[in-house]
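Morning, everyone. I'll take you through one protein model, from fold to core to pocket.

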Amino acid sequence: MSQPVPAAPRLTITPEAASRLKAESDFTSAVLSVRHLLGCGGTGFRISVEEYAPDEGHAFEASGIPVVMDELSYRRLEGAVLGVDPDPAGEGYRLEHPNAVLTTFC
């Protein structure tokens with residue numbers, strides 16, 4: 001009888017991104033918040049550090065960082081990886097996930 005394949009973690013934070021996040025924020029009370037957004041031309045995700053954990057959402061830990069995701073993010077981001085954006089003109093971090101699609105924003 002074969003064993004079930006474990007689900008991919010909802011979010012993996014690379015060691016480099018985790019180190020940078022921990023240097024930028026105090027996670028003794030703060031959390032990394034991941035929220036789904038609808039916007040002009042598509043959907044996306046906002047990742048931010050919040051001083052206090054939201055009352056709603058799925059809470060877990062990734063690379064020693066407390067994370068809270070809203071329901072839609074939690075369902076859509078299984079297997080996502082948060083890393084440091086290698087592009088110096090980028091936002092600082094890059095979220096790569098298996099359900100990403102190319103969209104155009106206005």
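I'll start with the ground rules and then walk through the model.

This is a predicted model, so to speak of local features I need pLDDT of at least 70, side-chain atom pairs count only at pLDDT 80 or more, and totals for chains, interfaces and linings use all residues. Residues are numbered from 1 along each chain as its sequence is written, and side-chain values use heavy atoms, with hydrogens and water left out.

Confidence next. pLDDT is the predictor's confidence in each residue, from 0 to 100. The average for the protein is 82, and 81% of the residues score at least 70. Among the elements, helix 1 has the highest mean, 95. Strand 3, residues 42-50, has the lowest, 84. Now look at residues 102-106. There pLDDT stays under 50. The model gives that stretch eight contacts beyond four places in sequence, where contact means heavy atoms within 4.5 Å.

On to the fold. I count helices (H or I, at least four residues) and strands (E, at least two) as DSSP runs, numbered from the N terminus. The protein has two helices and seven strands. The order along the sequence is β-α-β-β-β-β-α-β-β. Take the contacts with a separation of 6 or more: 53% of them join residues 24 or more positions apart.

Surface. Accessible areas come from the Shrake-Rupley method with a 1.4 Å probe; for residues, only the protein chains shown count as cover. The total is about 7100 Å², and 53% of that belongs to carbon and sulfur atoms. Buried means under 20% relative accessible area, exposed over 50%, partly exposed in between, with a 1.4 Å probe and protein chains only. Of the 106 residues, 26% are buried.

Now the core. In soluble globular proteins, nonpolar side chains tend to be buried together. A nonpolar core here is a set of buried Ala, Val, Leu, Ile, Met, Phe, Trp, Tyr and Cys residues joined through side-chain atoms within 4.5 Å. The largest one has 17 residues. Which of them touch the most other members? L11, I13, L21, L32, I65 and V67 do. At least two core residues each come from strand 1 (11-13), helix 1 (15-24), strand 2 (31-39), strand 5 (65-69) and strand 6 (80-84).

Zoom in on L32. L32 sits in strand 2. Buried or exposed? Buried, because its relative accessible area is 1%. L21 and L32 are eleven residues apart in sequence, and their C-alpha atoms are 9.0 Å apart. I65 has its own list, again leaving out residues up to four places away: I13, A18, L21, K22, F27, L32 and F60.

Next, the pocket. I work on a 1 Å grid over the protein atoms alone: a pocket is an open set of points where a 1.4 Å probe fits, with protein on both sides within 12 Å along at least five of seven lines, and lining residues have an atom within 4 Å of a point. Grid points are joined across faces, edges and corners, and a volume is the space filled by probe spheres set on the points. The largest pocket holds about 470 Å³. Its lining has 16 residues, with F45, E91, Y93, R94 and L95 nearest the centre. Strand 3 gives the largest share, four residues. Strand 7 (93-96) supplies at least two.

L95 is in strand 7. L95 counts as partly exposed because its relative accessibility is 23%. L95 and I47 are 48 residues apart in sequence, yet 8.9 Å apart C-alpha to C-alpha.

One last item, on backbone angles. Most residues other than glycine have a negative phi, and most peptide bonds are trans. S63 has a positive phi, near 55°. S63 lies in the loop between strand 4 (58-62) and strand 5. S63 is partly exposed, with a relative accessible area of 36%.

That's my tour. Questions, please.
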